[in-house]
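Biologist: I have a structure to look through and I am new to this. Could you walk me through it while I ask questions?

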Amino acid sequence: MTEIVDLRSDTVTRPSPAMRAAIAAAEVGDDVLGDDPTVNRLQERMAAFLGKEAALFVPSGSMANQVAIRSVCEPGDEIIADETTHSYNFEGGGPAALSGASMRLIEGPRGLFTPAQAEALIRPDNVHYPHTRLIIVENTNNRGGGSVWPVEQVAGLRAVADRHKLHLHMDGARLMNACVARGLKPTDYTRHVDSVSMCFSKGLGAPVGSIVAGPAWFIKRCHRFRKMFGGAMRQAGILAAAALYALDHNVEHLAEDHANARRLAEALAGLPGLRIDPTTVETNIVIFEIDPQRGSAADFAAKLHERGVWMLATGPQKVRVVTHLDVPRAQIERAITVFREICRAA
Ligand SMILES: *Cc1c(COP(=O)(O)O)cnc(C)c1O
């Protein structure tokens, strides 16, 4: 049987034997009662790591974003974000369902909008309008192909948020990818935002879990809404132990994922029927388009799948590839061979 090269998402990683050992050894308690020592250690470490007063461990990145939104928005409020944003497109309509908030969307290049674009959408104080409450930036931006926010652009949004008394939240599901790609510390970004979320279950390779961090008043509200949304967990230290292990061992590895993504993008750029600009590949996500004369993205992905190379069609002609911890360079080379065979056969 040929080995599967699973490039569907960086969420498909499985805990390594060493991570499983850390999970097995974790000290635990009842976190709903506040006495899981491993969860507490993770939350304290993440608050310091992200430069915030407090942090809260949650089951998923979606819950991190949704408790953050609920903590700052009242029904009828409006959120400004890019049209690609995860919290709008891929969290089941959460902002509307859970917070009663509507979203005003921007078309930023690869998900990266400018401070001026955001400021132009802020509503004047007038009974006719919804109350603009929150701006969300997604770093890296998933649908934008893992694009990285320039720090100055986030700083510019900070100035806008201050002028209009808005909350600025960073969906940093892949914040560490942005930091590794640019040689930055998380606080280089997070000092400009009020709150931030980050996933352990993507490129960092943990099985479950995300963090949300911000000021103490905000995390207190997130804590309340985590309970309300059903995300309070009991002996969650076994999950926090995996997150701590990931922080200690899997951050530097992201640079390899980025090099693998770049290698793949450069190989694909030379193939007939595919469209991709490898210079846009900044982190671990590669998005390319199939020439419509060669069929749909779904057909193309199906042909790759038959040969053991898995990826997701994310649009009629668009395919997304994500590199991660469980795809070594040799598997990338195998994927490239399969791409060549399919593109040249057509
Ligand atoms: C994956 C992801 C999330 C959270 O996803 P979960 O599957 O709920 O953990 C949030 N934001 C972005 C940008 C993501 O890519």
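Modeller: Gladly, and let me begin with a term: the domain bounds used here come from an automatic or database domain assignment. Please also keep in mind that this is a predicted model.

Biologist: Okay, so which domains give residues to the lining of the largest pocket?

Modeller: Domain 1 (17-249) and domain 2 (253-345) each supply at least three residues to the lining of the largest pocket.

Biologist: And what volume does that largest pocket have?

Modeller: Its volume is about 250 Å³. There are 15 lining residues, and those closest to the centre of the pocket are R110, G144, G145, T280 and I287.

Biologist: Which strand gives the most to that lining?

Modeller: That is strand β10, residues 285-290, which contributes five residues to the lining of the largest pocket.

Biologist: How do the lining residues divide into nonpolar, polar and charged?

Modeller: Six of the lining residues are nonpolar, three are polar and six are charged.

Biologist: You mentioned R110, so where does R110 lie?

Modeller: R110 sits in the loop that runs between β4 (102-106) and α6 (115-119), and with a relative accessibility of 31% it counts as partly exposed. As background, most residues other than glycine have a negative phi.

Biologist: What is the phi of K165, then?

Modeller: K165 has a positive phi of about 55°, although K165 is not a glycine. This residue belongs to the loop between α7 and β6 (167-171).

Biologist: Is K165 buried or exposed?

Modeller: K165 is exposed, because its relative accessible area is 75% and the cut-off for exposed is over 50%.

Biologist: Changing topic, which residues does a cis peptide bond join?

Modeller: The cis peptide bond joins N139 and T140, with an omega of about 0°. In general, most peptide bonds are trans. T140 itself lies in the loop between β5 (131-138) and α7 (151-164).

Biologist: Now to strand β7: how many of its residues are buried?

Modeller: Five of the five residues of β7 (residues 195-199) are buried, so this strand is largely enclosed by the rest of the structure. From β7, S195, S197 and C199 point one way while V196 and M198 point the other way, and all are buried.

Biologist: In which sense does β7 pair with β6, and in which sense with β8?

Modeller: With β6 the pairing is parallel, over three bridges, and there H169 stands opposite S195 in β7. With strand β8 (residues 210-214) the pairing is antiparallel, over four bridges, and in this case C199 stands opposite S210 in β8.

Biologist: Is C222 buried or exposed?

Modeller: C222 is buried, because its relative accessible area is 0% and buried means under 20%.

Notes:
Residues numbered from 1 in each chain as written. Predicted model: local features only at pLDDT ≥ 70, side-chain atom pairs only at ≥ 80, totals over all residues. Heavy atoms only, no water. 1 Å grid on protein atoms, 1.4 Å probe; cavity = no way out; pocket = protein on both sides within 12 Å on 5 of 7 lines; lining within 4 Å. Points joined across faces, edges and corners; volume = space filled by probe spheres on them. Helix = DSSP H or I, 4+ residues; strand = E, 2+ residues; numbered from the N terminus. Nonpolar A, V, L, I, M, F, W, Y, C, P; charged D, E, K, R; others polar. Buried < 20%, exposed > 50% of the residue type's maximum accessible area, 1.4 Å probe, protein only. Pairing = 2+ DSSP bridges.
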